[in-house]
Amino acid sequence: MTTAPAPKTRKKMNWVPYLLILPSLVYLALFFAWPMVQGLILSIREDGALLTVRSKSEQASSMAGQLPRGTQVDILQRQGNPIPPESVQESNQLTEVWFRVRGMGVEGQLIEGWVPERRIRVRESDESGRPVSGSVRSILSSSVDPLTYLHMEAGEDSEIVGQMEARTTVEILDQATLEVWFLIHGEYENKTIEGWVPSRYISTLGDGTRGRIEVGDTSQFTTRYIQRMVNDRFFWPALRTTLLLIVLIIPAQFILAIIMALVIQADLKGSGIFLYIFAIALGLSDLAVGIVWYSIFTQFGYLNSILQGIGLIDAPLTYLSADTRYWILIAVWLAEVWRATALVMVIVVAGMQAIPREVLEAGEVFGATLWQRVRYIIIPLLRPSLQVALILRTILAFQVFAVVIVLSGGDVMTVLANETYRQYYDLQNFNVAGAYASFILLLSMITSFFYLRAVRTQEEVIG
Amino acid sequence: MTSVTRVQKPAVQVSPEVKAIHRHMLRRQRLGRAVTYLVGILISLWVLIPILFITSMALTTPAEVRAYPKGILPFIPLSTETLEFFLRSRGILPGLRNSVVVAVITLILSTLIAAPAGYALSRFAFRGRDVFRLSILAVRAFPIVILSIPLAVVFLRTGIYDSVYSLALMHTALALPTTILVLSSVFSSVPYELEEAAMVFGCSPGQAFRHVVLPLVMPGIAASAIFTFVLSWNEVFAATILTIQNRTLPAQVLVTLNQSSEPYQFAGGFFMMIPALIFIFYIRRYLFNMWGQISK
């Protein structure tokens, strides 16, 4: 560890540092912490899982019960209800129109009130298409009251202000759009629930006496998405491959990185060039690296060209196919070691530079072999750097994505990040994709915790 | 090794045994150096040969790319035909433009937001400094995958989905932790005494910062900005998730990978590597400064 210069304290103006870190705190809260919480919520909360059934056909009335999405219900009755203008045009919504009319009532005086559109035949409209006058329709059935009732307000529930004979001419003063509410009757967990719900949540079946709850208005915590993730046929292969890759990649990377660091630290002439070459991969995109190794392992690629060139094979072998999964694994392994060792190397070199020269020289003077120096001096002193590199590399290994897509075509071999992408992009299951993301988060946290614990325990044993 | 060479000039007559030991050690040292060179060259070949392969694929004719067996000698025939074919493919030039726009916005945003925080971390001892530092380290470690999905859903809801600007916001969040730590180490490399001296001679804190600190940290800030650029340029998962029409170059290549020919793929792979090859060269001096910080 290079010792950083001790931070200077300025006794006054204590708020300055807080002001300086404020923008980054706000940014990270907004684009890091919040999405992470959202991701967790996405994976365990189902939007619209339950539909609240009301005792009366008003949003404000008491709750009669809740029915889950998909329940089959009987529709007993329907009725229009005033709705705020902004929620007109919701999908799946049934509406009815009411008119405010003025005309002669049965008792011979001029009355004014609201009637449903279906009771009025519009005779005249103004230039903008708004009805201005009409007449009351006659009711054909003899069993129903032949009079048409006028209401105080739009909606069957409001007070009746008068009656009109059929064929009365009326002036149409105003109109309102009402949402149809259904009186439904459904069963859930052996309980019968009856009550009113807005039509937008129900899709009617057949003749309109049966329906199904299309979507609810209340969200609910659910393990459905997690179950769907675990039961997905790609989940276990993806998890297995991801863990297998980590187990294969990490040791190879660390051995190679320590060798690289020793070469650079040997202070040879031209070690600057070595450093540049070793660090090149630090800036390479994983997609490009995937393509590089694809050009080697593809059927008519470099590996076959070389093998055939030196006469080891007669015809090109196929490496990247469903029958030769282990070759895909080897290709991904090589590609990842090739690409990501640079990061470990840089951390290790930075750590080595902090080891006092004298300590290393002392080892040399006392005749320690290279292996002994690495094993008993360098690695113990590098432990903090190695720990960080280990955590970083393992967490980054959970995101191996483009390399696998390129080398396996995305299907033959799959990893967790790839499955997240598939759920989101191909299947449009945002919630299941969220579940995958949360699962990767969980794994990352468990591994970090494990490394921190493991390294501490070792120190205690040694110390 | 230096301790060994110091023995080389004996002031007194040395016995033949000591000379023999001396010769033996010198030989061992030379041998060790040769082995180190050999290992270094082998690792360099391991790093360079795949790059050579893809480069020679990209800089030849499409017919040669499809040929089998491929010549091991590169660049025969040398031609820009494959690269031109790639650049003329659908969505590549817009993707290139989008990539540059996203990367530039990302580096500007992240530098502007991170510089004050980096300065605060390096210059002030304040309550919560270590917590801030640690949480930034933790944030640095979290995978892109975890962030992309919820952000995509949020962006969809708020209607800023599929835009280079929202992608730049996401990339800034990714780059920010590293940038803060790197800039903090860059500021730490300028002694506070210089700033103090400037203030003693009558500069205000702002002037001291502008005239003394800023010129000294500029190269470091530039290096960190370059690194941010490369990070954004390379990022493919979030770019694919967050955009549909306005794809960046890697996202475009990834999505069309299955339907595309090998010349297209190889030229694309090579093309995406160019910034890294150039930029890592320029910032190699700062690498340890940057990543050494991470391990603290």
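# A tour of chain A

Start with the whole chain. Chain A has twelve helices and 14 strands; helices (H or I, at least four residues) and strands (E, at least two) are DSSP runs, numbered from the N terminus. This is a predicted model, in which local features need pLDDT of at least 70 and side-chain atom pairs count only at pLDDT 80 or more, while totals for chains, interfaces and linings use all residues. Residues are numbered from 1 along each chain as its sequence is written, and chains are lettered from A and ligands numbered from 1 in the order in which they are written.

**Overall form.** Show the C-alpha trace. Along its principal axes the trace of chain A spans about 120 × 80 × 50 Å. The radius of gyration of chain A is 37 Å, whereas a compact globule of 463 residues would have one near 23 Å. That radius is taken over C-alpha atoms, and the globule rule is 2.2 Å times the number of residues to the power 0.38.

**Two domains.** Colour 49-218 as domain 1 and 228-462 as domain 2. These bounds come from an automatic or database domain assignment. The centres of the two domains, taken over C-alpha atoms, are 65 Å apart.

**Helix H1.** Select residues 16-44 of chain A. This is H1, with 29 residues. From first C-alpha to last, H1 reaches 41 Å, close to the expected 42 Å (1.5 Å times one less than its number of residues). Now centre on A:Leu22. A kink of about 40 degrees lies there, shortly before A:Pro23; the bend is the angle between axes fitted to the seven residues ending there and the seven starting there. Next, show side chains. Buried residues of H1(A) include A:Pro17, A:Ile21, A:Leu28, A:Phe31 and A:Phe32. Buried means that 20 or more other C-beta atoms, placed from the backbone, lie within 10 Å of the residue's own.

**Strand E4 and its partners.** Select residues 95-104 of chain A. E4 pairs with E10 (residues 169-188) in the antiparallel sense over nine bridges; strands pair if DSSP finds at least two bridges between them. Find A:Thr95: its bridge partner in E10(A) is A:Glu179. In the hairpin, with five residues between the strands, A:Gly108 takes a positive phi near 90 degrees.

**Last stop: E6 and E7.** Select residues 120-125 and 131-136 of chain A. These strands pair in the antiparallel sense over five bridges. A:Ser125 stands opposite A:Pro131. Between the strands of this hairpin are five residues, and A:Gly129 takes a positive phi near 90 degrees.

Notes: Buried ≥ 20, exposed ≤ 12 C-beta atoms within 10 Å, placed from the backbone.
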